[in-house]
Amino acid sequence: MPAPAPEIRVLPAAEAAVPTLLDELRRVVAANERPLVSFATGGTFTGMFTALARELRDGGIGRDFVATHLDEYVDFPPARAGGMVHELVTGCPPLGDMLAAGAFVPVPHVDDAAALAAHAQKLRELGGVKLQLLGIGRNGHIAFNEPGTAFDTGFHVATLAEATRQDARARFLPGEPPRRAVTSGIATILAADRLVLCAFGAAKADAVRGMLQGEVATGCPASALRRHGNLLVLLDREAARGFDAAADQASAAP
Ligand code: PGA
């Protein structure tokens, strides 16, 4: 039986996604005992992390969850600028407190199969990811699963696509962006209970169309998400431009 179709919401602007994302987190924290929540990094989530920092400080969202995230550059320990953990704790300082308290499980920053297996095992011991936030690359990648990545992968070390390095270039200037990262695999991502993917801006429109209406195939890693069955997609109007909502309705009809 095919998985239930993703729920797609087209928002007037990116900021409109923030209350929805916070509600998703609130809901998962209320419904589970210390759920594991996996965050995504990148410009897409900057606004959410600012708001989340406020909520965590004010108690609007309790800290009774365990945080983790999708991926980390090889050789970027948490304190190293440019890395994903560094971005998360800078953008949302309460996550830094959680890291210090052991309530934030960072993705290993080493090319070491045993460390990656131990990380995956730790996530399983914590009950598995209950809520996974996701961005999408303009080439259709999710986390660092670049086009061509098999759908059955777990945590692994990925080589970044040129487009991905180009998009990351500004954060590493005057240096070069990294070439390799430890990433959740597509199978890791599909194992989460609930997925919420955000895409904003015209540069994402082709990738969004590939994800929602292209062939489910490794050429567009995000297309694998259509196999999940509990996926919410939040788009702004620009990112939704290539997505034909009418065709989607027609193909969803019995
Ligand atoms: P962005 O990155 O949020 O910076 O656009 C998303 C991604 O590449 O997955």
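I took buried to mean under 20% relative accessible area, exposed over 50%, and partly exposed in between, with a 1.4 Å probe and protein chains only. On that basis I found 49% of the 254 residues in the protein to be buried.

I note that this is a predicted model, in which local features need pLDDT of at least 70 and side-chain atom pairs count only at pLDDT 80 or more, while totals for chains, interfaces and linings use all residues. Residues are numbered from 1 along each chain as its sequence is written, and side-chain values use heavy atoms, with hydrogens and water left out.

**Overall form**

I looked up the secondary structure, with helices (H or I, at least four residues) and strands (E, at least two) taken as DSSP runs numbered from the N terminus. The protein has nine helices and nine strands. Its radius of gyration is 17 Å, close to the 18 Å that the globule rule gives for 254 residues, so the protein is as compact as a globular protein of that length. The radius is taken over C-alpha atoms, and the rule is 2.2 Å times the number of residues to the power 0.38. Along the principal axes, the C-alpha atoms fill a box of roughly 50 × 40 × 35 Å.

I then turned to contacts, meaning heavy atoms within 4.5 Å. Of those in the protein between residues at least 6 apart in sequence, 76% join residues at least 24 apart.

**Surface and charge**

I recorded an accessible surface of about 11,200 Å² for the protein, 53% of which belongs to carbon and sulfur atoms. Accessible areas come from the Shrake-Rupley method with a 1.4 Å probe, and for residues only the protein chains shown count as cover.

For charges, Lys and Arg count as positive and Asp and Glu as negative, without His and the chain ends. Each charge is placed at NZ of Lys, CZ of Arg, CG of Asp or CD of Glu. The mean positions of the 24 positive and 28 negative charges are 1 Å apart.

**Helix H1**

I followed helix H1 (residues 17–31), whose 15 residues reach 21 Å from first C-alpha to last, close to the 21 Å expected at 1.5 Å a residue. The expected span is 1.5 Å times one less than the number of residues. The buried residues of H1 include Ala17, Leu21, Leu25 and Val29. Those buried residues pack against several elements, among them strand S1 (7–11), helix H2 (46–58) and strand S9 (231–236).

Asp23 also lies in helix H1, and at 35% relative accessibility Asp23 counts as partly exposed. I noted that the C-alpha atoms of Asp23 and Ala51, 28 residues apart along the chain, are separated by 12 Å.

**Helix H4**

I listed Pro94, Leu95, Gly96 and Met98 as the buried residues of helix H4 (residues 93–100). Their cover includes S2, H2, strand S3 (66–69) and helix H3 (84–91). Gly102, which follows H4, has a positive phi near 80°.

**Backbone in the loops**

Arg34 sits in the loop between H1 and S2 and is partly exposed, with a relative accessible area of 45%.

Ala143, likewise not a glycine, has a positive phi of about 50°. I located Ala143 in the loop between S5 and strand S6 (156–159); at 10% relative accessibility, Ala143 counts as buried.

Finally, I found a cis peptide bond joining Leu173 and Pro174, with omega about 0°. Pro174 belongs to the loop between helix H6 (162–172) and strand S7 (180–183).
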